Amino acid sequence: RNVPSLEQEMLVDMAFANDDVVAQFKEEKEKIVDEETEKDLDITLPGWGSWAGAGTNDQPQKRIIKKAAPTAPRKDSGLDHVIINTKKNRKLQPHLVRHLPHPYKNRSVFKKEKSPDCDSALIPLL
């Protein structure tokens, strides 16, 4: 095994001293999760259902809050180092294969032939 020397470790530490990638990633993931979760909506209309003028009692208006529907937990909720995007990308729809091309009889043969090969010749030995 190649063990990095102390000088090399110090050089890497100096090069990435101000980069806090892990904290930035966590902030980005929290922001994405916060944007995707539905929140309760206050649908109270100001002024409706309240009277003004002499002789009225000033009771605060009841707030009407529409509760957010419960959502299924995210696939990456237990994984701190991963963001899984489950949204469909509409820009890719025209590029997807809808029907099998002529020589293929079933989907599995088509997928197997079009998938990239990963064998021992392509993967370097450790």
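Ile43 sits in the loop between strand 1 (41–42) and strand 2 (65–66). At 42% relative accessibility, Ile43 is partly exposed. Together with Leu41 and Ile64, Ile43 makes a nonpolar surface patch of about 270 Å². The model is predicted.

**Overall layout**
- The protein chain holds three helices and two strands.
- From the N terminus, the order of elements is α-α-β-β-α.
- Buried residues make up 4% of the 126 residues.
- The accessible surface of the chain comes to about 13000 Å². Carbon and sulfur atoms hold 56% of that surface.
- Among contacts with a separation of 6 or more, 45% link residues 24 or more positions apart.

- Lys29 belongs to helix 2 (residues 21–36).
- Lys29 is buried because its relative accessible area is 11%, and the cut-off for buried is under 20%.
- The Lys29 side chain reaches two backbone oxygens: that of Leu79 at 2.3 Å and that of Val82 at 3.0 Å.
- Beyond its neighbours within four places in sequence, Lys29 contacts Asp76, Leu79, Asp80, Val82 and Ile83.

- The whole structure contains six salt bridges.
- One of them pairs the side chains of Asp76 and Lys29, at 3.9 Å from N to O.
- Asp76 lies in the loop between strand 2 and helix 3 (107–114) and Lys29 in helix 2, so this pair ties together parts that are 47 residues apart in sequence.
- Asp76 is buried, with a relative accessible area of 1%.
- Asp76 also meets Arg74 in a salt bridge, at 2.8 Å from N to O.
- Shared partners join Lys29, Glu36, Arg74 and Asp76 into one salt-bridge network.

**The Lys67–Asp40 pair**
- The side chains of Lys67 and Asp40 form a salt bridge at 3.9 Å, N to O.
- Lys67 is in the loop between strand 2 and helix 3, and Asp40 is in the loop between helix 2 and strand 1, so the pair links parts that are 27 residues apart in sequence.
- Lys67 counts as exposed because its relative accessibility is 63%, and the cut-off for exposed is over 50%.
- Asp40 counts as partly exposed, at 45% relative accessibility.

Conventions
Residues numbered from 1 in each chain as written. Predicted model: local features only at pLDDT ≥ 70, side-chain atom pairs only at ≥ 80, totals over all residues. Heavy atoms only, no water. Helix = DSSP H or I, 4+ residues; strand = E, 2+ residues; numbered from the N terminus. Buried < 20%, exposed > 50% of the residue type's maximum accessible area, 1.4 Å probe, protein only. Contact = heavy atoms within 4.5 Å. Areas by Shrake-Rupley, 256 points an atom, 1.4 Å probe, with all protein chains shown as cover. Polar contact = N/O pair within 3.5 Å; in protein donor to acceptor, adjacent residues only side chain to side chain. Patch = residues over 30% accessible without salt bridge, like charges linked within 9 Å, V, L, I, M, F, W, Y side chains within 5 Å. Salt bridge = Lys/Arg side-chain N within 4 Å of Asp/Glu carboxyl O.
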